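Please open the structure in a viewer and keep the selection tool at hand.

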Amino acid sequence: MKIKSMLMAIAVLATSCATKDETPIIGKQNPKIENGRMTPEVLWAFGRVGGMQVSPDGKKVLYSVSYYSIPEDKGNSELFVINTDGTDKKQITETSVREASAKWMKDNEHIAFLSSESGSMQLWIMKADGTDRKQVSEREGGINDFAFSPDETKLLFVADVKQGERTVDKYPDLPKSSGIIVNDLMYKHWDEWVQTIPHPFVAEYSGSKIENEKDLLKGEPFESPMKPFGGIEQLAWSPDGKTIAYTCRKKTGKEYAISTNSDIYFYDLASGKSTNKTEGMMGYDINPSFSPDGKWLAWESMERDGCESDKNRLFVMNFATGEKTDLSANFDQNSEGLAWTADSKSIYFTSVWHALTQIYRADILENKITQITKGVHDYEAVSPAGDKLIAIKHSMSKPNEIYAVNPQNGEATELSFENKEILAQLEMGKVEERWVTTTDNKQMLVWVIYPPKFDPKKKYPALLYCQGGPQSAVSQFWSYRWNFQIMAANDYIIVAPNRRGLPGFGQEWLDQISGDYGGQNMKDYLSAIDAVAKDSFVNKDKLGCVGASYGGFSAYWLAGHHEKRFKAFIAHDGMFNLPQQYLETEEMWFVNWDLGGAYWEKDNKIAQNSYANSPHLFVDKWDAPILVIHGEKDYRILASQGMAAFNAAVLRGVPAEMLIFPDENHWVLKPQNGVLWQRTFVGWLDKWLK
C-alpha cells in the first residue's frame, strides 16, 4: 500500500490526452478566495510543478506545470523554461494537449518531449523557446517515456507490449466476449487488468525520425520499468552509449506476486545480451545511474526480499574492480533520487529524517555522507547545475516550487513562483512540531496544525490523522487530498503522529509495525491524540479520527478500541477484513511480510496475531458514526472491504455513510471527484463534531 513520492507522476497521468480540437486549453486558474481560507476549489487551482530538468550547460531549467479545470473535469500540463538564477521565465507551450517527459537535447537549444497532439503519445522536438515543433515518431501504440543516447544517434524508449493470451486469441469466434480467463496470480495490478506490460526498446535516430526499433526483452514476459510507478529512471545509458542498464523483476504469476527481488541488468548493444549485475542481492534493486566518467554505477537497493519498506540503500559499483559498496552502511536512513556531480566524485540524494526530507551528498572515495539542507520542508528532487543545485521543495503550507540551492550552506532561493498569487491570498495555519512520550517510553514526533486565525481562548474540535503505507513518512508533505491546511481552514486542529512503522526514525522504528498492526502503533496514535487533547483550546469531547489505506484500517480498528475518545471516523480505502484482504490483494509479498503470512497457518504466531486484530472482529464495539470512502478500481484493497464495513455499521445501528467512486482507484484523481471528496469529508466531520 505504500506510495513512494509519486503524487506528481499520478497527477500527470491523470491529465487529458484528448486532441486540441476536443478540449479547450486549460491554463492557470484564478480562484476567488474569501476570508483567506483554503477551499476545495482553491486546492484544485494550484499549478502542480514537476518534471524538472537542468540543461546540459547548467544554465536553464525546464519543468512542467499541471493545471486542472473543475468545470471541464480535466487537467493538462504545460512546459516552462527559466534561467537557474531565476530570470527570464517563459511558458513555452500553451496547447489543449498533454506535453510530458520533456528533456533537453545536448545542444542546449532544443527540447524533446512526448505529446498526444497526433492522437497518441509520440516523440516531438522543438526549440527551447517553444517554436518549430516537429513530430519525429509515428509509432503504433505510442511511447510511454524515453531517453536519448549520449551522442543522440539512438533512442531508448518505453512502450507497452501484449501480455498473455486473450480470450479472443483462444476463441476467435467470440470477439465481443468480455470474459477474462485467469490461470495464475497477478492478473490485476493496482487499477488495471494486466493485459499489457512495459518493455524497453532501442531505435536509431536520424535527427528527423526513429527507425529500426528493437525490443530489449523481446519474447520475455517481464516488466521493465516495473509497474505501477516505474519510469525512465529505472533505465540508463552508459556514457559511451554501448550499454543500457535496466531494472527488471524477471518473474511472473505467483512468483512475481510473492517477491520484490528486482535486479539491474546491463544490455550490450553490440551483442544483444543481458547480464545481471546485482545477482544475489535479494530485495529491490532499482534506478541505475552511470557516473559521467563511466567508471561507476550507482543504484538504490533494499536488502530483504518481500519487504517493500526495507532501508533504501545507496550502492555503487566500481567497474575497474567489480566491487559493490554500500555508501549508506552507517546511515540509518533511506537514500532516494540519486544525482551525480559532474566530476563523478559525489552523489546528491534526498532522505527523510525526523519527518523532514533534506538534500544530502555522498562522497565516494571518502565514503562519507553530508547533510546539505535544513529547515521545515521536504525536498523531492535534486539536480546539480554548475556551482548550484536545482531542487523541488514543498511543505505542509506550500506546494511544489523550484529552488536554487547553495551546496555549501544549503540556502535556497525560489525560482518558479508558480503559486505566488494564490498563496498571497491565503492564511495558512501554524505547523508545530511536538515530541510526545509513548506508552513504551519512546519519544514520538507529532505534527500539530492549527486553524488560521487561531484563538487559544476558544475550543476547537481535533482530528487524529492516521497515515497510510503503512510505511510512508508523515513529513512535510503537500497533498491534494489529505491536505492538512484545508482541514485546518475548516477550524479543526490536526494531530499527525509519526507513529511506529514510519521512516525517518531508524530501521527499528520502521520495522516494528510489521506483524503488529493492532499493537504498538495503535498505542502511539492514542498517545498523540491524548497528549494534544489536554490542551485548553482542544474540545476533548469533539475528537475525530481519519485516514486512508493503512490509515483507513487504523480508523476501522480504532473504531472498535477507542474507549469513547472519538465522535466520528472516516476510513478511505481501508482494510476491514484481514483474512479476506490476504486473498483479495494482488501483490502477495505485502501481506506475507506485513501480516506475517496466511491466516490458515495456525502455528504461525505472527500471522495469527495479525488476523486476531482484524477490524471486522470488533464491529460489536463500534459506537461512533463512520464515513466509508472507496474506489471500485482499487485492486490493492478491494471496494468490497469498504462496502462490508459500511454494511456492518448499518446493521449494527451505527450512523454511517458511504462514498463510492466507480471510476477511481486507490486515489481520487479527477477534479470533480476530488471536490466531492472534500465536501463529503468536511460535511461529515461538521455534522458530528460541530
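Begin by selecting valine 182, which is partly exposed, with a relative accessible area of 41%; buried means under 20% relative accessible area, exposed over 50%, and partly exposed in between (1.4 Å probe, protein chains only). This is a predicted model, in which local features need pLDDT of at least 70 and side-chain atom pairs count only at pLDDT 80 or more, while totals for chains, interfaces and linings use all residues. Residues are numbered from 1 along each chain as its sequence is written, and side-chain values use heavy atoms, with hydrogens and water left out.

Valine 182 lies in the loop between helix H3 (167–170) and strand E11 (188–189). Helices (H or I, at least four residues) and strands (E, at least two) are DSSP runs, numbered from the N terminus.

**Strand E17 and its partners**

Select residues 263–268, strand E17, of which 5 of 6 residues are buried. Strand E16 (residues 243–248) pairs with E17 in the antiparallel sense over 6 bridges; strands pair if DSSP finds at least two bridges between them. Within this pairing, alanine 245 faces phenylalanine 266 of E17.

Next, show strand E18 (residues 274–276), which is joined to E17 by 3 bridges, also in the antiparallel sense. Here tyrosine 265 stands opposite asparagine 276. The hairpin of E17 and E18 has 5 residues between the strands, and its glycine 272 takes a positive phi near 75 degrees.

**Backbone details in loops**

Select lysine 227 and proline 228: the peptide bond between them is cis, with omega near 5 degrees. Proline 228 belongs to the loop between strand E14 (210–215) and strand E15 (235–237). Glycine 469 and proline 470 are likewise joined by a cis peptide bond, with omega of about 5 degrees.

Proceed to serine 549, a residue other than glycine with a positive phi, near 60 degrees. Serine 549 is in the loop between strand E35 (538–548) and helix H9 (550–559), and counts as buried at 5% relative accessibility.

**Glutamine 520**

Where is glutamine 520 placed? Its place is in helix H8 (residues 520–533), and its relative accessible area of 11% makes it buried. Finally, display threonine 439, whose side chain forms a polar contact of 3.0 Å with that of glutamine 520 (a pair of N or O atoms within 3.5 Å; within protein, one must be able to donate a hydrogen and the other to accept it, and residues adjacent in sequence count only if both atoms are side-chain atoms).
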